[in-house]
Amino acid sequence: MKKYKIGYTSGVYDLFHVGHLNLLKRAKEECEHLIVAVSTDELVLEYKHKKPIIPFEERKAIVDSIKYVDEVVIQENRDKIAAFEKYKFDVMFVGDDWKGNSLFTQTEDFLIARGSCVRYLSYTKNTSSSKLNQIIDKLLTE
């Protein structure tokens, strides 16, 4: 029996890489049912001020094909409290590179008061979509 029944995580999942896979695998090891929210192109543009390289429907299809993922949902905003109210998860998994970010610190107290929690999973060093984007940008400008 796993520690949690329903787990939740979210992300852009642009340029899917081993860091994404590691987070999903670790999350699934701790929960029976893993819900993964994939950010829409519009949401990413709103808060990162750039459009993902891979379109939303393709990113969603990639995440949906991962064996550790039980359910894929659309993330149209970054409101984690609304996500909890909709999906009633026992735990929200987040990469530890987000630890201390106000988006999650404000959510932690809310979740704990309702019997849920935030679980920070170790970030895969030396790989990220941001780094891959920087490499691609550099190659395109040379």
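Two strands pair if DSSP finds at least two bridges between them; strands (E, at least two residues) and helices (H or I, at least four) are DSSP runs, numbered from the N terminus. Everything here comes from a predicted model, where local features need pLDDT of at least 70, side-chain atom pairs count only at pLDDT 80 or more, and totals for chains, interfaces and linings use all residues. Residues are numbered from 1 along each chain as its sequence is written, and side-chain values use heavy atoms, with hydrogens and water left out.

View 1. Five strands line up as β3-β2-β1-β4-β5 in an open sheet with parallel pairing. β3 (71-75) and β5 (118-121) sit at the edges with a single partner strand each, so one side of each has no neighbour in the sheet. On average, neighbouring strands are turned by 30° against each other, direction ignored. Zoom in on β1 and β2 (residues 31-39) and you'll find a parallel pairing over seven bridges; S10 has A37 in β2 as its bridge partner.

**View 2. D14 in its loop.** D14 belongs to the loop between β1 (4-11) and α1 (18-30). This residue is buried (under 20% relative accessible area; exposed is over 50%, partly exposed in between; 1.4 Å probe, protein chains only). What lies 2.7 Å from a polar atom of the D14 side chain? That's the backbone nitrogen of I53, and the backbone nitrogen of I54 lies 2.8 Å from a polar atom of the D14 side chain.

**View 3. R59 and D41.** R59 does form a salt bridge with D41, the closest N and O atoms being 2.6 Å apart. R59 is in helix α3 and D41 in helix α2 (residues 41-48), so the pair ties together parts 18 residues apart in sequence. R59 counts as buried at 0% relative accessibility, and D41 counts as buried at 15%.

View 4. K28 pairs with D70 in a salt bridge whose closest N and O atoms are 2.6 Å apart. This pair links K28 in helix α1 to D70 in the loop between α3 and β3, 42 residues apart. R119 forms a salt bridge with E30, with closest N and O atoms 2.8 Å apart. Here R119 is in strand β5 and E30 in helix α1, 89 residues apart.

Terms used. Lys, Arg positive; Asp, Glu negative; His and termini not counted. Salt bridge = Lys/Arg side-chain N within 4 Å of Asp/Glu carboxyl O. Polar contact = N/O pair within 3.5 Å; in protein donor to acceptor, adjacent residues only side chain to side chain. Axes fitted to C-alpha atoms, helices over the stretch in contact; angles between N-to-C directions.
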